[in-house]
Structures are given as structure tokens and as C-alpha cells.
Amino acid sequence: MNFLPQSALKSYFVLALAISLSGCSLSSDPVKDYEKGKVAFENAEYKMAAECFTEVIEKAPENIDAHVMLARSEFALGNLDAAATALNKAAKTNGDDIDIIELSAQIAFYRKDYKLATKSYARLASNTNLDPSVRSIGWTGLGIVDFVRIDDDKNSSRYHDSRVKFLQAITLDARNASARYYLGCLYRDTFQYLEAARDQFRAFIYLEKDDTKRVKYVQNVILTSLNEEIKKRSEPNIARIDTVGCASMLKKGDDFFKRKKYKDAITSYMKALKSNPVSYAAAIGLARAYARVNRSRQDNDRTLDAYLVACKIRPSEINTHIEAGDFALRIGKSATAVELYSRALASSPTSVKSVQGLINAFDKSHNDSQAASVYRGYLRTLTKVK
């Protein structure tokens with residue numbers, strides 16, 4: 001399985017003339033041997049490719065491309081130590097090459113040398129002179145390192161770090177399929193934002209052109225499972241729905257609201273919601289009517305509860321989540337505000353209001369300054385883009 005982003009080296013690989021791959025048939029010419037090695041590599045004959053590139057290096061030890069290709073071949077074979085040795089030789093003179101930095105990060109990751117993997121991916125992500133698509137690969141790699149280490153420290157904000165790094169990657173390159181895939185995994189497994197996860201997996205299927213095996217798995221297994229779970233969570237009790245009665249009470253509620261008779265509006269919206277428990281209009285109407293009556297603690301709790309019902313009915317309604325988050329923050333429910341703004345951000349990754357609200361909520365909760373700092377960094381990126 002191709003766990004990490006596609007290597008930048010890929011653009012350098014072209015098929016040579018048809019050559020028999022029954023054996024490497026090494027010659028005295030390192031150029032020909034190198035071409036044979038490339039053909040072998042492209043045809044997934046990695047052992048043969050390694051033999052060819054090893055022969056090239058013996059004849060022309062200064063050939064940096066051969067060292068890199070040997071590293072790639074050994075990496076594909078799972079010989080991580082051999083891959084690292086070959087790449088280190090290339091890095092002695094060409095350590096700033098993008099392809100070498102990225103391959104170094106990949107090898108380090110699989111050797112579980114997360115410190116080196118992070119350092120290497122950070123070199124790509126932070127270099128503003130590089131193409132945005134290359135920097136996006138760096139951010140994706142950083143996000144994956146955090147993603148696989150989420151359970152290392154359950155009290156950390158590592159999952160927020162991972163999320164923001166994937167968002168940074170997508171901001172730089174909206175077509176980054178790997179970032180979409182892992183953000184989908186993060187939303188599904190850690191945040192439990194199923195609709196947002198589905199959106200990211202759908203984007204992955206559309207964008208990924210090489211990893212057909214994973215595309216099929218996402219399409220046939222992951223999305224099927226997600227759709228079933230989303231349907232199960234949102235499916236109402238059909239026997240309880242009275243659309244006619246709901247519409248009638250909803251109209252009365254709206255009329256009362258316009259005339260600022262909020263208590264009467266509350267009564268009507270409650271009846272509308274009872275007639276149809278999945279009526280977004282009734283739920284949001286009830287929340288906004290409650291918000292305009294006397295602000296006792298009980299009123300505030302009822303208002304927030306109504307907002308939460310509206311958000312559950314329409315989990316992708318960004319403005320409702322932000323409005324509900326603003327209210328939760330005003331009444332001192334900072335933890336609830338964090339969740340509401342976070343869900344809004346999942347639906348709209350470039351929403352400045354969502355990120356700013358999330359930062360404010362973390363600041364007021366006084367229990368995760370690190371997460372607030374992570375989102376501040378992302379906010380700076382968004383404001384630069386805008």
C-alpha cells in the first residue's frame with residue numbers, strides 16, 4: 001500500500017525502449033545499465049533494478065541518480081537500511097535536492113525514525129521558494145507523522161496538529177489526494193465527523209489517478225460503510241412525522257417571530273418540531289426565538305439545546321454552527337463552542353470565522369493552549385491566502 005504521498009521522483013521516470021527483463025544483462029556501459037534499471041523499476045522488477053543500479057554505481061560511483069534509484073529500489077523491496085545507506089551517499093553532495101529530501105522522509109518514517117521524518121518533511125513544507133504542490137507534500141507528510149502517533153499521548157493536541165497540517169496541504173494544493181485521504185481518516189476515526197469524512201474520501205476518489213487499489217477500497221468499502229452509518233444516525237422515526245402539521249405550526253411560529261411575540265413563537269416552533277423531529281426550520285426558529293427571551297440560565301440552556309438539534313439535523317450547515325458557537329461562547333459553554341466551530345471548519349476548511357471562533361473558544365476554555373496555537377498558525381495562512 002502506498003502509505004505516503006507519491007514521490008517527486010516519479011516525474012523523472014520514463015520507459016526506455018523495450019528490453020528483455022528475463023535478466024539485467026549488464027553491459028560495460030553504465031548508461032545502458034542505468035536505462036535497464038529504470039525499465040525494471042517501472043515494471044516493478046525491483047530486485048532486478050537494484051542489481052542494475054548497484055552495477056552502475058560500481059562503474060560510476062559519482063552517479064547520484066543511480067544512488068537515488070538504488071535507494072528507491074531497496075525501499076520498494078522493504079530493505080529500509082539498505083535504502084537509507086544508498087540515499088545517504090547521494091545526500092552527501094545533493095542533500096538539498098527535493099527528491100532526496102522526500103525519499104529520506106519516507107524511509108525515516110517506515111524506520112519509525114519520526115524525528116528525522118519530521119525534520120525532512122518540514123524542510124519541504126517551510127521552504128516558501130518551492131512550488132506549492134511540493135510544499136503541500138511536505139505538510140501532508142508532517143500530518144501523517146502526527147496521525148500515526150495520535151495514540152502515543154492521549155492528552156496531547158496531536159490530532160489537532162495533524163488536522164491543521166492536512167488543511168495546510170490542501171490550502172497549498174487542493175488536488176493533493178493523499179492529504180484528502182488522511183484527513184478523511186482523521187475525521188472518521190478521531191473527530192467522528194462522518195459527513196466531512198465522506199466529503200474528503202469522495203475528493204480522494206476523484207483526484208487519485210495512480211493508486212487504483214486504494215481508490216476501489218475507498219469507493220467499495222469505506223464510503224459504503226460511511227453512508228450506512230450516516231443514514232442510520234439521521235434516519236427519523238417515520239411514524240412520528242407529520243409534515244402538514246409541522247408546516248402549519250411553522251408558519252404560525254414565523255408570524256409570531258416577525259411580530260416579536262417570541263414566547264408564542266417558541267410554543268409554535270416546539271409543536272412544529274414535535275410534528276417533524278427533523279425539521280431544520282423548526283429547530284433553528286426555536287433556537288432564535290429562545291435567544292430573544294429573558295436570558296435566565298434555563299433560557300440559555302434551552303436555546304443552546306435547540307441550536308444543537310438544528311446542527312444535528314444539518315451537520316454541514318456552516319453558518320448555523322458558527323451562530324451556535326457564538327452563542328455557546330457568550331454563555332460560557334466554551335467546550336461546546338469548540339465542538340461547534342470545529343464542525344463548521346470541517347464543512348468549510350477555509351472559513352476564517354470558524355478558525356477564529358475555535359481559537360477564541362480554546363482561549364476561554366483555558367485547557368488547550370497548544371491547540372489554540374496550532375489554529376492560530378492556520379489562521380495566518382488563511383488570511384495570507386485571502
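Trainee: Why is C311 called buried?

Mentor: C311 has a relative accessible area of 6%. Buried means under 20%, exposed over 50%, and partly exposed in between, with a 1.4 Å probe and protein chains only. So C311 counts as buried. Keep in mind that this is a predicted model, where local features need pLDDT of at least 70, side-chain atom pairs count only at pLDDT 80 or more, and totals for chains, interfaces and linings use all residues. Residues are numbered from 1 along each chain as its sequence is written, and side-chain values use heavy atoms, with hydrogens and water left out.

Trainee: And what makes C185 buried?

Mentor: Its relative accessibility is 5%, so C185 counts as buried. As for disulfides, meaning pairs of cysteine sulfur atoms within 2.5 Å, the structure holds zero.

Trainee: How do you know that K112 is exposed or buried?

Mentor: K112 comes out at 63% relative accessibility, so the label is exposed. K112 sits in the loop between α5 (98–110) and α6 (114–126). It also has a positive phi of about 60°, although it is not a glycine.

Trainee: What label does Q192 get, then?

Mentor: Q192 is at 34% relative accessibility, so it counts as partly exposed. Its place is the loop between α9 and α10 (194–207), and its phi is positive too, about 65°, although Q192 is not a glycine.

Trainee: How many helices and strands are there?

Mentor: The protein has 19 helices and zero strands. Both are DSSP runs numbered from the N terminus: helices are H or I with at least four residues, strands are E with at least two.

Trainee: What makes a set of residues a nonpolar core?

Mentor: The members are buried Ala, Val, Leu, Ile, Met, Phe, Trp, Tyr and Cys residues, joined through side-chain atoms within 4.5 Å. Here the largest one has 92 residues, and Y181, Y187, F201, V218, V355 and Y375 have the most contacts inside it. Helix α9 (residues 177–191) gives the most to this core, with nine residues. There's a second, separate core of 23 residues, which includes A40, V56, A71 and I100.

Trainee: Which residues does Y375 touch?

Mentor: Contact means heavy atoms within 4.5 Å. Not counting residues up to four places away in sequence, Y375 touches H160, R163, V164, L345, V355, L358, I359 and F362.

Trainee: Why is Y34 called buried?

Mentor: Y34 has 15% relative accessibility, so it counts as buried. This residue lies in helix α1 (residues 30–42). Leaving aside neighbours within four places in sequence, Y34 is in contact with F53, V56, D65, A66 and M69. Y34 and V56 are 22 residues apart in sequence and 6.3 Å apart in space, C-alpha to C-alpha.

Trainee: Why is α16 called roughly parallel to α18?

Mentor: Helix α16 (residues 318–330) and helix α18 (residues 352–365) pack at about 25°, with their axes 11 Å apart. Angles under 35 degrees count as roughly parallel, over 145 as roughly antiparallel, 65 to 115 as roughly perpendicular and the rest as oblique. So α16 is roughly parallel to α18. The axes are lines fitted to C-alpha atoms, for helices over the stretch in contact, and angles run from 0 to 180 degrees between N-to-C directions.

Trainee: Which residues meet there?

Mentor: I318, I322 and L329 in α16 meet K353, S354, N360, A361 and K364 in α18.
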